[in-house]
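This report covers a single protein chain.

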Amino acid sequence: MSSPTGPASGLPVRMPRPRQPGRHRRPEPLAAPEGAPALVLAVPGRPSAATRGLAEEVVSIARSELPGLDARIGYLDGDDTDFPTLQSVLTHAAEERTARFEQARAAGLDVKEPDGPVAVVVPLLAGPDSALLRQVRQAVMESRIAAELTDVLGPHPLLAEALHVRLSEAGLARADRARLFTVATAADGIILASVGGEEAVQAAGITGMLLAARLAVPVMAAALDQEGSIASVAEQLRSSGSQQLALAPYLIGPEIDATLIEEAAREAGCAAAEALGPYPAIGKLALAKYTTALGIAPPQPQGAPVR
């Protein structure tokens, strides 16, 4: 027989570990609230199998960070067969919410009629692009579904980290400044290529400053969709002493034809890194936009420290 202080046999008792006090305490795991709106990732550009794979990986990352998350993908230029349009995804989410409510009522459950947004729409864009954002807003309006539209993912330190990784993968930057080795092809000047005109260039410039701090080389933003912008920035960097340039796309990927990146690199006379793609930070930032919109935001994802 055991007592309140332990078993009568004298065997040790496995006691629950006390919660660690103070600011280093491990946070309680966050889960999506029951009945929370869906996170709908609005994917720009012409849909393809590669685009679908990228988007699915982004929402998979978001789901892994927030158990119970209802995450869906809507394509701005979808066909409603292989690639569902943003409008149809929003409509389907609304129909499912209504059906769940009616089934619960039919089962005799005392449930509150759902209100508030059906979905939170997160554009899969690193920076502002007025034309694409206008297309997202139009799709939401045409769906006639109550949905909240968030801002784009950047600027953010995690995007600077992602750019650093993509440059290092291409052999254009050291993976870690603290390690005692050199990269023979490391660039001494970076062109940060964005789309969306001057507004996008200014927003990319903020992330560019963070990237420059990580790499300790000058970084200047330029617009892929403005004629002469890439060549002009390349000339400015060379005039200031940079001899080995690299082009870093400040793009996730689907929003632009990949051949434009290749053409821009040729125009600047330098090598280019890959687009950001489904880097883990993209899924985390998409989720942060969603949770912030709902007021259930955990601590914002932070970039890795500069080393």
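Two strands count as paired if DSSP finds at least two bridges between them. In this predicted model, S3 and strand S5 (residues 119–123) are joined by five bridges in the parallel sense. One of the residues involved is Leu39, whose bridge partner in S5 is Val120.

The pair belongs to an open sheet of four strands, ordered S4-S3-S5-S6, with parallel pairing. Strand S4 (71–75) and strand S6 (147–149) are the edge strands; each has a single partner strand, so one side of each has no neighbour in the sheet. On average, neighbouring strands are turned by 30° against each other, direction ignored.

| Helix | Strands touched | Angle to S4 |
|---|---|---|
| H2 (residues 86–106) | S3, S4, S5 and S6 | about 145° |

Elsewhere, helix H6 (residues 229–239) packs against helix H7 (residues 258–268) at an angle of about 40°, and their axes are 9 Å apart. H6 is therefore oblique to H7. Their crossing is right-handed. H6 contributes Ile230, Ala231, Ala234 and Arg238 to the contact, and H7 contributes Ala264, Glu267 and Ala268. Of these residues, five are nonpolar, two are charged and none is polar.

The mean pLDDT of the chain is 86, with 84% of residues at 70 or more. The pLDDT is below 50 over residues 1–17, a stretch with six contacts beyond near neighbours in sequence.

Terms used. Residues are numbered from 1 along each chain as its sequence is written. This is a predicted model: local features need pLDDT of at least 70, side-chain atom pairs count only at pLDDT 80 or more; totals for chains, interfaces and linings use all residues. Side-chain values use heavy atoms; hydrogens and water are left out. Axes are lines fitted to C-alpha atoms, for helices over the stretch in contact, and angles run from 0 to 180 degrees between N-to-C directions. Helices (H or I, at least four residues) and strands (E, at least two) are DSSP runs, numbered from the N terminus. Angles under 35 degrees count as roughly parallel, over 145 as roughly antiparallel, 65 to 115 as roughly perpendicular and the rest as oblique. A crossing is left-handed if the near helix is turned anticlockwise from the far one by less than a right angle, and right-handed if clockwise. Contact means heavy atoms within 4.5 Å. Ala, Val, Leu, Ile, Met, Phe, Trp, Tyr, Cys and Pro count as nonpolar, Asp, Glu, Lys and Arg as charged, and the others, Gly among them, as polar. pLDDT is the predictor's confidence in each residue, from 0 to 100.
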